[in-house]
Amino acid sequence: MMGLMGIGAAFALAAAGSAIGIGKAGMSAIGAWKKCYAQNKPAPFLLLTFVGAPFTQTIYGMILMNALKGAAGTADPGLILGAGLFGGIGIGLSAWFQGAAAAAAADAQVSTGKGFSNYLIVLGLIESVALFVMVFVMGIVG
């Protein structure tokens with residue numbers, strides 16, 4: 001049972017972080033679009049790039065979940081539980097903070113019309129944390 005909880009936790013916690021991050025970035029994008037509409041300026045569609053960025057961590061959680069499920073027959077159930085919990089938390093926090101950075105990026109993009117590539121680099125760095133967590137946790141469970 002412990003191992004099964006870890007398998008579920010890997011996906012659930014990563015997805016929860018994605019939902020929070022997407023929600024945070026989405027609220028900012030909506031506010032930025034409102035600002036554009038109020039000023040009769042075109043609302044940039046590219047803000048959806050920022051809103052969607054935290055979604056990838058849900059995919060990483062699913063990959064980790066499948067890796068844990070594959071190791072469940074041979075690895076210690078406590079190891080699976082810990083890997084799922086801590087891996088899911090790490091991936092989820094990455095998504096949460098990526099959403100916060102994406103919210104700031106959406107506001108900055110609309111305010112200045114500049115810096116899109118720089119904002120994506122910041123989001124990519126935050127994304128790297130989730131990738132490292134996924135890869136190293138998968139390596140621990142074999």
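**Figure 1. Contacts and overall build of the predicted model.** Among contacts (heavy atoms within 4.5 Å) in the protein with a separation of 6 or more, 84% join residues 24 or more positions apart. The secondary structure comprises 5 helices and 0 strands, where helices (H or I, at least four residues) and strands (E, at least two) are DSSP runs numbered from the N terminus. Along the principal axes, the C-alpha atoms fill a box of roughly 60 × 25 × 15 Å. Residues are numbered from 1 along each chain as its sequence is written, and side-chain values use heavy atoms, without hydrogens and water. Because this is a predicted model, local features need pLDDT of at least 70 and side-chain atom pairs count only at pLDDT 80 or more, whereas totals for chains, interfaces and linings use all residues.

**Figure 2. Leucine 85 in helix 4.** Leucine 85 belongs to helix 4. This residue counts as partly exposed because its relative accessibility is 33%; the term covers values between buried (under 20% relative accessible area) and exposed (over 50%), with a 1.4 Å probe and protein chains only.

**Figure 3. The two ends of helix 4.** At the start of helix 4, a side-chain oxygen of aspartate 76 comes to within 2.9 Å of the backbone nitrogen of glycine 78. Just after the helix, glycine 113 adopts a positive phi of about 70°.

**Figure 4. The length of helix 4.** The 36 residues of helix 4 should span 52 Å at 1.5 Å a residue, which agrees with the 52 Å between its end C-alpha atoms. The expected span is 1.5 Å times one less than the number of residues.

Key: A polar contact is a pair of N or O atoms within 3.5 Å; within protein, one must be able to donate a hydrogen and the other to accept it, and residues adjacent in sequence count only if both atoms are side-chain atoms.
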